Amino acid sequence: MSGYDRAITVFSPDGHLFQVEYAQEAVKKGSTAVGVRGASCVVLGVEKKAVAKLQEDRTVRKICQLDDHVLMAFAGLTADARVLIKQARVECQSHKLTVEDPVTLEYITRHVASLKQRYTQSNGRRPFGISCLITGFDYDKTPRLYQTDPSGTYHEWKANAIGRNAKTVREFLEKNYSAEKVATEEETVKIAIKALLEVVQSGGKNLEICVMKEGAKMRMMDLPEIEKVVAEVEKEKEEEAAQKKKEKQSEKK
């Protein structure tokens with residue numbers, strides 16, 4: 001690479017900014033996070049890593065609240081996320097004080113993305129090693145879901161995944177997401193958990209699920225609630241497998 005990966009501000013001859021690409025690799029090593037936009041709610045789910053026996057698990061959070069109506073999940077370096085979360089929260093409050101309206105989801109996403117982009121264009125800094133899923137409700141009651149990456153780009157999604165094995169989860173969502181399947185809160189939660197179970201082992205105890213409905217506060221689902229949905233999903237999978245087995249046997253006959 002002839003040193004093109006050492007400086008953040010130098011393009012390689014084929015147009016790459018290697019430090020930004022390395023930051024994206026850091027994201028791929030992070031815990032899987034998934035966001036699903038329902039008809040009347042938004043759901044964020046993350047893979048919960050095992051904590052040490054004596055560690056307080058409340059201090060290990062991958063889902064946080066930026067404002068009353070804005071949630072964020074991230075994958076990548078937690079320390080980088082902490083700095084970004086702090087600045088995003090300050091911007092939410094500053095906007096409210098200045099214009100007397102809460103931020104729109106696109107406004108705060110654009111602010112986060114702009115901050116990330118600034119760190120790709122000046123010496124003596126490195127890019128943020130995180131991708132974010134930012135979700136919530138605009139004041140016209142429309143649910144939104146945005147994703148930002150270390151380069152500073154952002155896009156709106158109906159459902160998306162970031163972190164380790166994000167490609168597998170995204171492929172699952174592409175096959176299974178439809179407006180009918182996210183018509184209710186229960187169905188939206190189910191598709192988010194189903195997507196995470198594609199890559200997360202050992203059921204509900206390794207999942208963290210957050211739900212927000214329009215006009216209501218964010219709600220972290222309890223383990224028994226998650227386990228109940230996981231049991232339903234596993235039962236459906238078993239029934240599907242049994243059905244396929246029957247079809248195969250009937251074809252052979």
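The crossing of helices H2 and H3 is right-handed, meaning that the near helix is turned clockwise from the far one by less than a right angle. The structure is a predicted model, in which local features need pLDDT of at least 70, side-chain atom pairs count only at pLDDT 80 or more, and totals for chains, interfaces and linings use all residues. Residues are numbered from 1 along each chain as its sequence is written, and side-chain values use heavy atoms, without hydrogens and water.

H2 (residues 78-99) and H3 (residues 105-118) pack at about 135°, with axes 10 Å apart; helices are DSSP runs of H or I of at least four residues, and strands are E runs of at least two. Axes are lines fitted to C-alpha atoms over the stretch in contact, with angles from 0 to 180 degrees between N-to-C directions. H2 is therefore oblique to H3, a class left after angles under 35 degrees (roughly parallel), over 145 (roughly antiparallel) and 65 to 115 (roughly perpendicular). The contact (heavy atoms within 4.5 Å) involves residues including Leu84 and His95 of H2 and Tyr107 and Lys116 of H3.

Strand E5 (residues 130-137) has eight of eight residues buried, so the strand is largely enclosed by the rest of the structure; buried means under 20% relative accessible area with a 1.4 Å probe, protein chains only. Ile130, Cys132, Ile134 and Gly136 point one way from E5, and Ser131, Leu133, Thr135 and Phe137 the other.

E5 runs antiparallel to E4 (residues 70-76), joined by seven bridges; pairing requires at least two DSSP bridges. E5 also pairs with E6 (residues 143-148) in the antiparallel sense over six bridges, with Ile134 opposite Tyr146.

Technical notes
Buried means under 20% relative accessible area, exposed over 50%, partly exposed in between (1.4 Å probe, protein chains only).
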